[in-house]
Amino acid sequence: VDSMIEPIFKRCLPFLPQELQVKGIKRKASGLNARLRVYRYQADGEQTFRPHTDDSFPMSSCVDDRLIWDVTNGKMASVFTFLLYLTEEFDGGHTTFFQNQEKTNETSTATVGAVTASVKPLSGSVLVFPQTCRTEPLSDADGESAGLFTADEEEFGFPIRTITDQLWMAPMHEGSPVKAKKGGRPKYVVRSDIMYSFE
């Protein structure tokens, strides 16, 4: 997988923030997540990815045919979603962004507001946008770095957020319905994450 994603990352790198400075901590663009997800949407007007936000992931990889959730032990996490569109021979299928409508109580999440942007897939094009992610490593009781994920998050395999986290607010978005086009094809998308290391 690395031999496939490295050239793609190098091609995109000039268009990405090389470094991020968040709360005095430098983060450096380090590659694409090897945990690739391939989406196929049939052009039937019904298949869609309903409105959601994307969260941060650790760097994952396959070792001996087994997925390892975090191969860097908390030293690297994603900041941006990376979508590579493979087809365009269909109608609809845009990646549609919505205004986040925030509520004030601690248990609520952002809800869908007005459409703010709609991106038409073009074969070979890439779309990058922010994820909701921690901006710095967690610390233990002694103030030492404890990585990016809590014990519960490691156990369940995904980040768990609370209102007290320092977050980058990811945009609410969806993969809108794909409609048939004469001589067309399904919508294919490769999803990855742009990884940043903590320095």
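Which residues of the largest nonpolar core touch the most other members? I looked this up in a predicted model, where local features need pLDDT of at least 70, side-chain atom pairs count only at pLDDT 80 or more, and totals for chains, interfaces and linings use all residues. Numbering runs from 1 along each chain as its sequence is written, and side-chain values use heavy atoms, with hydrogens and water left out.

**Cores.** I took a nonpolar core as a set of buried Ala, Val, Leu, Ile, Met, Phe, Trp, Tyr and Cys residues joined through side-chain atoms within 4.5 Å; buried is under 20% relative accessible area (1.4 Å probe, protein chains only). The largest has 15 residues, and F9, L16, L32, F80, F82, I194 and Y196 touch the most other members. I found that α1, β2 (25–32), β7 (76–85) and β14 (187–198) each supply at least two residues of this core. β7 gives the most, with 4 residues. Another core, of 9 residues, lies apart from it and includes Y41, F90, F97 and F129.

**Whole chain.** I noted 2 helices and 14 strands (DSSP runs: H or I, at least four residues, for helices; E, at least two, for strands). Of the 199 residues, 39% are buried. I also looked at contacts (heavy atoms within 4.5 Å): of those with a separation of 6 or more, 77% join residues 24 or more positions apart.

**Lining of the second largest pocket.** I counted as lining those residues with an atom within 4 Å of a point of the pocket, an open set on a 1 Å grid over the protein atoms alone where a 1.4 Å probe fits, with protein on both sides within 12 Å along at least five of seven lines. I8, R11, C12, F15, L84, G124 and V126 line it. Helix α1 (residues 2–12) gives the most, with 3 residues.

Definitions and conventions: Buried means under 20% relative accessible area, exposed over 50%, partly exposed in between (1.4 Å probe, protein chains only).
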